[in-house]
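Thanks for coming. I will go through one structure today, starting with the whole chain and then moving to a few local spots.

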Amino acid sequence: MTTGQDRAAQPETGSQDEEPLPTIAEQMADQLGGWRGLVESSIPVVVFVFANIIGELRPAVIASISVALLIAGLRLAQRRPIRHAVNGLFGVGVGAAIAWRTGDERDFYLPGILYGIGYGVALLISAAIRQPLVGWIWSVLVAKGRSEWRDEPKLVRVFTQLTVLWGVVWLAKVGVQAGLYLAHQDTALGVARLVLGYPPYALLLLITVWTVRRVTRESQQTPLPGA
């Protein structure tokens, strides 16, 4: 991420200029895996929900795991990135193993609920100690490991605010799922898992990318005092 001071310190040295950030669309597509990634990551859960409604728990578990393995295998055979497929397979696999062991279909969603609670709490704690997790994730996934944003008070504030937003939204959506889990509303829980999965995540990601790019652009255009 380039700051105004970085630009001033490196005048007329095009070879040292940082590479421009990808477009918002490119960053969104990369993090979400594109439309194919969105669909493929949702299919195993959809299969489980419908198979469990029309049949029994264990056939539904087998069907969802089989579909997740098939998707991962197809991506591997096509030499496509399998990060999203593997993540989806892991999430489905853990939930399926717990549900298989307990015999309770709602336990299929328990790992996702616990993960969501932990992630939301971690986000809020990181914001409270001025080490916003969204900022560090941005450094890893977008800024190629650079963390110059730590030297920009405005960017630190922005990443802190974004981290709080992510944490609140994450805890809100997982709270809905936890309520349905405790109320034994198994089918509603499956629907909530789908509806509250990628849509809020995509919206938060869009807000984050747009906000950080706007603030970064303003920082680059701000002249140094006395310049």
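What percentage of the 227 residues in the protein chain is buried? The figure is 36%. Keep in mind that this is a predicted model.

On secondary structure, the protein chain has ten helices and zero strands. Read from the N terminus, the order of elements is α-α-α-α-α-α-α-α-α-α. As for contacts with a separation of 6 or more, 72% of them in the protein chain join residues 24 or more positions apart.

Now the nonpolar cores. The largest nonpolar core has 19 residues. Which of them touch the most other members? They are Val 134, Trp 138, Phe 159, Leu 162 and Trp 166. Two or more residues of this core come from each of α6, α7, α8, which spans 153-182, and α10, which spans 198-221. The most come from α8, which gives seven residues.

Take Leu 162 as an example. Leaving out residues up to four places away in sequence, Leu 162 touches Val 134, Ile 207, Thr 208, Thr 211 and Val 212. There is also a second, separate core of 17 residues, and its members include Val 61, Ile 113, Val 174 and Tyr 181. As general background, nonpolar side chains in soluble globular proteins tend to be buried together.

How do α6 and α7 pack? Helix α6 covers residues 110-128 and helix α7 covers residues 133-141. Their axes lie 8 Å apart, at an angle of about 100°. Angles of 65 to 115 degrees count as roughly perpendicular, and α6 and α7 are therefore roughly perpendicular to each other. On the α6 side the residues in this contact are Tyr 119, Leu 123 and Ser 126, and these meet Leu 133, Val 134 and Ile 137 in α7. Sorted by class, the contact has five nonpolar residues, one polar residue and no charged residues.

Val 168 has a relative accessibility of 48%, so it counts as partly exposed.

Helix α9 takes in residues 186-195, and its buried residues are Leu 189, Gly 190 and Ala 192. Why do these line one face of the helix? Viewed down the axis of α9, the buried residues fall within an arc of 165°, so they sit along one face.

Last, the loops. Arg 130 is in the loop between α6 and α7. Its phi is near 65°, a positive value in a residue other than glycine. With a relative accessible area of 41%, Arg 130 is partly exposed.

His 184 belongs to the loop between α8 and α9. Here too phi is positive in a residue other than glycine, with a value near 60°. The relative accessible area of His 184 is 47%, which means partly exposed.

Which loop holds Glu 105? That is the loop between α5, residues 83-102, and α6. Glu 105 and His 184 are 79 residues apart along the chain, with 9.5 Å between their C-alpha atoms. At 23% relative accessible area, Glu 105 is partly exposed. Beyond residues up to four places away in sequence, Glu 105 touches Phe 48, Asn 52, Leu 57 and Asp 186.

That is the end of the tour.

Methods
Residues numbered from 1 in each chain as written. Predicted model: local features only at pLDDT ≥ 70, side-chain atom pairs only at ≥ 80, totals over all residues. Heavy atoms only, no water. Axes fitted to C-alpha atoms, helices over the stretch in contact; angles between N-to-C directions. Helix = DSSP H or I, 4+ residues; strand = E, 2+ residues; numbered from the N terminus. Parallel < 35°, antiparallel > 145°, perpendicular 65-115°, else oblique. Contact = heavy atoms within 4.5 Å. Nonpolar A, V, L, I, M, F, W, Y, C, P; charged D, E, K, R; others polar. Core = buried A, V, L, I, M, F, W, Y, C linked by side-chain atoms within 4.5 Å. Buried < 20%, exposed > 50% of the residue type's maximum accessible area, 1.4 Å probe, protein only. Arc of directions from axis to C-beta.
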